Amino acid sequence: FFCNRDEKNQSIIVSGESGAGKTVSAKYAMRFFATVGGSASEANIEAKVLASSPIMEAIGNAKTTRNDNSSRFGKYIQIGFDKRYHIIGANMRTYLLEKSRVVFQAEDERNYHIFYQLCASASLPEFKELGLSKYLHL
């Protein structure tokens, strides 16, 4: 985000162990910026960015021995502000996806959530259009 005092881009780094609440903390930060801006449009932008979270979680989260919904990738969220410090957009990037989980899971752990969601939907008519049936041995 942009800081008026220094007129330079600023960063907030949220780090911690698995299950420490990093994703929730990032959501609180986004809500803070949207609230401080005071405009309804910022709340809409925040809602749109946060609405992408369940999709991102399905693709990049998995059950681990420490957390049933553990993020297996890093997130970089870039928030854009106008000259009045109102949110005008956001961009979410992911990095460092734990690729090894696709082919191996430790005992009591699971693959990415999306894998199980695809398996559960394999009997739906829409699934055939995805062309994934040959990859699932159900």
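User: What does contact mean here, and which residues does K22 touch?
Analyst: Contact means heavy atoms within 4.5 Å. Not counting residues up to four places away in sequence, K22 touches V14, S15, G16 and E17. The model is predicted: local features need pLDDT of at least 70, side-chain atom pairs count only at pLDDT 80 or more, and totals for chains, interfaces and linings use all residues. Residues are numbered from 1 along each chain as its sequence is written, and side-chain values use heavy atoms, with hydrogens and water left out.

User: Why does K22 count as partly exposed?
Analyst: Buried means under 20% relative accessible area, exposed over 50%, and partly exposed in between (1.4 Å probe, protein chains only). K22 has 29% relative accessibility, so K22 counts as partly exposed. K22 lies in helix α1.

User: What makes G19 exposed?
Analyst: Its relative accessible area is 58%, so G19 is exposed. G19 sits in the loop between β2 (8-9) and α1. Helices (H or I, at least four residues) and strands (E, at least two) are DSSP runs, numbered from the N terminus.

User: Which residues does the UniProt annotation "binding site" cover?
Analyst: According to the unreviewed UniProt entry, the annotation covers G16, E17, S18, G19, A20, G21, K22 and T23. Such annotations may be inferred rather than shown by experiment.

User: Why is N111 called buried, and where does N111 lie?
Analyst: The relative accessible area of N111 is 8%, so N111 is buried. N111 lies in the loop between β6 (87-95) and α4 (113-120). Leaving aside neighbours within four places in sequence, N111 is in contact with N61, A62, K63, R101, V102, Q105 and Y116.

User: How do you know that α3 and α4 are roughly perpendicular?
Analyst: Axes are lines fitted to C-alpha atoms, for helices over the stretch in contact, and angles run from 0 to 180 degrees between N-to-C directions. Angles under 35 degrees count as roughly parallel, over 145 as roughly antiparallel, 65 to 115 as roughly perpendicular and the rest as oblique. Helix α3 (residues 53-60) and α4 pack at about 95°, with axes 5 Å apart. They are therefore roughly perpendicular to each other. In this contact, E57, A58 and I59 of α3 meet H113, I114 and Q117 of α4.

User: What makes up the largest nonpolar core?
Analyst: A nonpolar core is a set of buried Ala, Val, Leu, Ile, Met, Phe, Trp, Tyr and Cys residues joined through side-chain atoms within 4.5 Å. The largest one holds 6 residues: M30, F33, A34, I79, F81 and I87.
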